[in-house]
Amino acid sequence: MGFIQAFSGAIGGTLADQWKDFVAPPQVAPTAAIFPGVPIGQNAGRGSNTHGSSNIISNGSKLVVPEGTGLLTFQDGRITGFIAQPGGYEWRSDDPNSQSIFAGDGIVSSLVKQSWERFKFGGQPGSQQLVFYVNLRELPNNRFGTQSEIYWDDAYLGAQVGAITRGTYTMRIVDPILFATQFVPLTYLQPGGAVFDFTDFENDAATQLFSEVVSSLAPAFSHYTNDPSKGNRMARIQGDSIGFAQSLSAAVENAYRWTSGRGITIVNVAIASIEYDEDTRQLLSDVKKADALSGTRGNSFLQQSVARGFQAAGESGGGTPGIAMMGMGLNAVSGPMGGLQQPAGPTPYQQVPPQQGYPPQQQGYPPQQQGYPPQPQQQAPASEDPVAKLAQYKNMLDQGLITQEDYEAAKARALGL
């Protein structure tokens with residue numbers, strides 16, 4: 001007892017050829033979730049009648065189920081049939097070959113079959129049924145927003161942060177049977193009932209969802225920013241609509257059982273704005289400065305400083321400021337500048353050449369006292385190899401650390417021009 005499938009898949013022109021009277025969904029907004037079926041007929045040859053209000057069907061009624069839509073039939077407040085496969089059907093209460101459920105193989109199939117066993121009508125269905133359509137597409141334009149700051153602990157910043165935020169989310173009905181029986185008020189499941197729309201703030205059930213989302217925002221932010229797989233960065237939230245939607249969906253499921261108790265889930269979230277409080281803004285500013293001076297980025301800044309020192313030396317004709325700047329960066333900057341370091345003196349215990357009239361000594365031991373103390377050795381400064389210097393400057397030019405003008409000036413000084 002239930003439905004007999006007349007045709008499946010795309011509807012096309014089948015109705016015009018076979019059916020003169022049938023029930024179909026009305027024209028509704030994309031945010032409508034559940035709405036009564038509308039009888040459509042030829043109206044005695046005077047054109048199509050699309051203004052019927054009674055959603056009561058009887059034995060032999062024809063019904064159309066479009067793509068992305070489900071159909072539910074009720075008797076005495078209990079579900080007697082469900083269809084999720086697009087096509088045309090006949091309702092038969094007296095045919096033993098008819099089926100009560102066509103779950104299909106889409107997103108609702110596995111969940112619906114479980115709910116069907118829990119909430120199906122017991123006994124022989126009557127010859128009259130109430131028919132409603134359920135929107136199985138994503139339901140857009142569900143808004144949320146906070147009037148005051150919400151606070152959560154942020155693992156990356158290591159502190160509690162606060163912000164005012166607003167945005168929108170989309171959701172989907174994944175279990176129409178659970179949604180209709182456990183969440184939709186009975187006033188919407190009556191003959192000629194009103195359209196259940198989530199964006200209607202006169203709809204108390206929709207208003208309840210809005211309040212639950214707002215109260216779940218702080219746990220959702222905390223879950224997102226404390227998840228190591230997401231990098232623990234708040235800045236990623238606004239560009240990660242699906243990732244944050246998973247965090248928000250988990251938060252509302254944990255607190256209010258949206259999926260397991262109501263058959264709905266959050267799919268995408270678009271955050272329009274996040275306005276951090278003053279303490280959080282200052283903390284974020286400090287973190288940006290610390291990030292800029294850490295790791296390879298800080299090393300890059302140091303290289304740029306060295307390059308600016310060479311440029312200043314070239315412009316001033318080889319003055320000391322550029323050389324001093326170079327000396328400050330020698331120990332931190334790798335690459336060709338490392339070759340500019342002069343060797344530091346002999347290492348401990350290195351043999352020192354003997355001076356005339358004195359025996360050899362070991363570095364690090366006090367000199368032998370034999371009448372007169374030895375005179376300190378005077379060594380001539382090692383002459384610089386101009387070819388090596390030019391090679392070092394050329395490497396710095398190729399790496400972009402100095403300009404062509406700096407290189408020409410350094411070359412002139414190295415060659416004594």
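These are my notes from a look through the predicted model above.

**Ground rules.** Residues are numbered from 1 along each chain as its sequence is written, and side-chain values use heavy atoms, with hydrogens and water left out. Since the model is predicted, local features need pLDDT of at least 70 and side-chain atom pairs count only at pLDDT 80 or more, while totals for chains, interfaces and linings use all residues.

**Overview.** I counted up 11 helices and 18 strands; these are DSSP runs, numbered from the N terminus (helices H or I, at least four residues; strands E, at least two). Of the 417 residues, 40% count as buried. Buried means under 20% relative accessible area, exposed over 50%, partly exposed in between (1.4 Å probe, protein chains only). I also looked up contacts, meaning heavy atoms within 4.5 Å. Among those between residues at least 6 apart in sequence, 68% join residues at least 24 apart.

**Cores.** Next I went for the nonpolar cores, each a set of buried Ala, Val, Leu, Ile, Met, Phe, Trp, Tyr and Cys residues joined through side-chain atoms within 4.5 Å. The largest has 59 residues, and Ile-34, Phe-179, Phe-196, Phe-198, Phe-221, Trp-258 and Val-269 have the most contacts inside it. Helix α4 (residues 204–225) gives the largest share of this core, nine residues. Where does the core lie relative to domain 1 and domain 2? It lies between them, because domain 1 (2–135) and domain 2 (139–276) both give residues to it; the domain bounds come from an automatic or database domain assignment. A second, separate core has 14 residues, including Ala-32, Phe-35, Trp-91 and Phe-102.

I then clicked on Ile-34. Leaving out residues up to four places away in sequence, Ile-34 touches Phe-132, Tyr-133, Val-134, Phe-179, Ala-180, Val-184, Leu-189, Ala-194, Val-195 and Phe-196.

**Aromatics.** I paired rings of Phe, Tyr and Trp (its six-membered ring) if their centres lie within 6.5 Å; planes under 30 degrees apart count as stacked, over 60 as edge-to-face and the rest as tilted. That rule gives 16 aromatic pairs. Phe-179 and Phe-183 make a tilted one, 6.0 Å centre to centre with 35 degrees between the planes. Phe-179 and Phe-183 are both buried. Phe-196 and Phe-198 pair edge-to-face, at 5.2 Å centre to centre and 90 degrees between the planes. Phe-196 counts as buried at 0% relative accessibility, and Phe-198 does too at 7%. One aromatic cluster takes in Phe-179, Phe-183, Tyr-188, Phe-196 and Phe-198.

**Helix α4.** I checked the length of α4. Its 22 residues should span 32 Å at 1.5 Å a residue, and the end C-alpha atoms are 32 Å apart, which agrees; the expected span is 1.5 Å times one less than the number of residues. What sits at Leu-217 in α4? I found a kink of about 40 degrees there, shortly before the proline Pro-219. The bend at a residue is the angle between axes fitted to the seven residues ending there and the seven starting there. Leu-217 is one of the buried residues of α4, with Glu-212, Ser-216, Phe-221 and Tyr-224 also among them.

Asp-76 has a positive phi of about 55 degrees although it is not a glycine. Asp-76 sits in the loop between β7 (69–75) and β8 (78–83), and it counts as exposed at 68% relative accessibility. Arg-257, not a glycine either, has a positive phi of about 55 degrees. I located Arg-257 in the loop between α5 (241–256) and α6 (258–262); at a relative accessible area of 46%, Arg-257 is partly exposed.
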